[in-house]
Amino acid sequence: MSDISIRDDRPAGRLEALGEDGEVVGRIEYFVLDSPAPALVPVHTIVEPAHEGKGIAGSLARELYAISGREGVPVAPLCPYVVKWAERHPEEAPAADPALLTAAKGWLRAHPGRF
């Protein structure tokens with residue numbers, strides 16, 4: 001994987017991978033669910049075409065779950081990539097509570113222009 005850094009832009013709902021020049025080369029777009037309990041909800045994972053195949057998406061998913069662990073807030077993934085990543089890394093990505101997933105889907109339906 002290339003040398004990247006990751007920053008959490010929580011107000012914008014983006015976990016961003018930055019290249020050596022500071023350019024955003026990938027991101028996970030997410031929101032924070034408040035009810036029935038707090039959760040991080042990734043919706044999309046995007047890697048710029050010139051940077052695909054370098055492990056950036058996996059690094060972003062890993063960092064999202066690391067943030068979750070540090071903050072004590074679960075992840076309720078709606079992003080297909082993060083769902084698959086979590087299935088391949090159960091030791092790093094605890095299974096999501098079905099009630100949180102249902103609530104996250106409801107939030108997304110109620111905010112159709114957000115993503």
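The structure holds 3 aromatic pairs, where rings of Phe, Tyr and Trp (its six-membered ring) pair if their centres lie within 6.5 Å, with planes under 30 degrees apart called stacked, over 60 edge-to-face and the rest tilted. Keep in mind that this is a predicted model, in which local features need pLDDT of at least 70 and side-chain atom pairs count only at pLDDT 80 or more, while totals for chains, interfaces and linings use all residues. Numbering runs from 1 along each chain as its sequence is written, and side-chain values use heavy atoms, with hydrogens and water left out.

**Aromatic rings**

- F31 and F115 have ring centres 6.0 Å apart and planes at 45°, so this pair comes out as tilted.
- F31 sits in strand 3 and F115 in the segment after helix 3, so their pair ties together parts 84 residues apart in sequence; helices (H or I, at least four residues) and strands (E, at least two) are DSSP runs, numbered from the N terminus.
- F31 counts as buried, at 4% relative accessibility, while F115 counts as partly exposed at 26%; buried means under 20% relative accessible area, exposed over 50%, and partly exposed in between (1.4 Å probe, protein chains only).
- Y65 and W85 make a stacked pair, because their ring centres are 5.8 Å apart and their planes are at 25°.
- Y65 belongs to helix 1 (residues 56–71) and W85 to helix 2 (residues 80–88), so here the pair ties together parts that are 20 residues apart in sequence.
- Both Y65 and W85 are buried.
- Ring pairs also link F31, W107 and F115 into a cluster.

**The sheet**

- Strands of a sheet pair through backbone hydrogen bonds, either parallel or antiparallel.
- Here, 4 strands form an open sheet in the order 1-2-3-4, with antiparallel pairing; two strands pair if DSSP finds at least two bridges between them.
- The edges are strand 1 (5–9) and strand 4 (39–47), each of which pairs on one side only.
- From one strand to the next, the twist averages 20°; axes are lines fitted to C-alpha atoms, for helices over the stretch in contact, and angles run from 0 to 180 degrees between N-to-C directions.
- Helix 3 (residues 98–110) packs on the sheet, touching strand 3 and strand 4, and its direction makes about 105° with that of strand 3; contact means heavy atoms within 4.5 Å.

**Two hairpins**

- Strand 1 and strand 2 pair in the antiparallel sense over 5 bridges, and D9 has R14 in strand 2 as its bridge partner.
- These strands, 1 and 2, form a hairpin with 4 residues between them, and G13 in the turn has a positive phi of about 70°.
- Strand 2 (residues 14–18) is joined to strand 3 (residues 24–33) by 5 bridges, again running antiparallel.
- In strand 3, G26 is the bridge partner of A17, and V24 is that of L18.
- Strand 2 and strand 3 also form a hairpin, this one with 5 residues between them, and G22 in its turn has a positive phi of about 85°.
- Strand 2 is mostly covered, with 4 of its 5 residues buried.

**A look at V41**

- V41 lies in strand 4 and is buried, with a relative accessible area of 0%.
- Its C-alpha atom is separated by 5.2 Å from that of Y30, although V41 and Y30 are 11 residues apart along the chain.
- Leaving out residues up to four places away in sequence, V41 touches E29, Y30, F31, L33, A76, L78 and A104.
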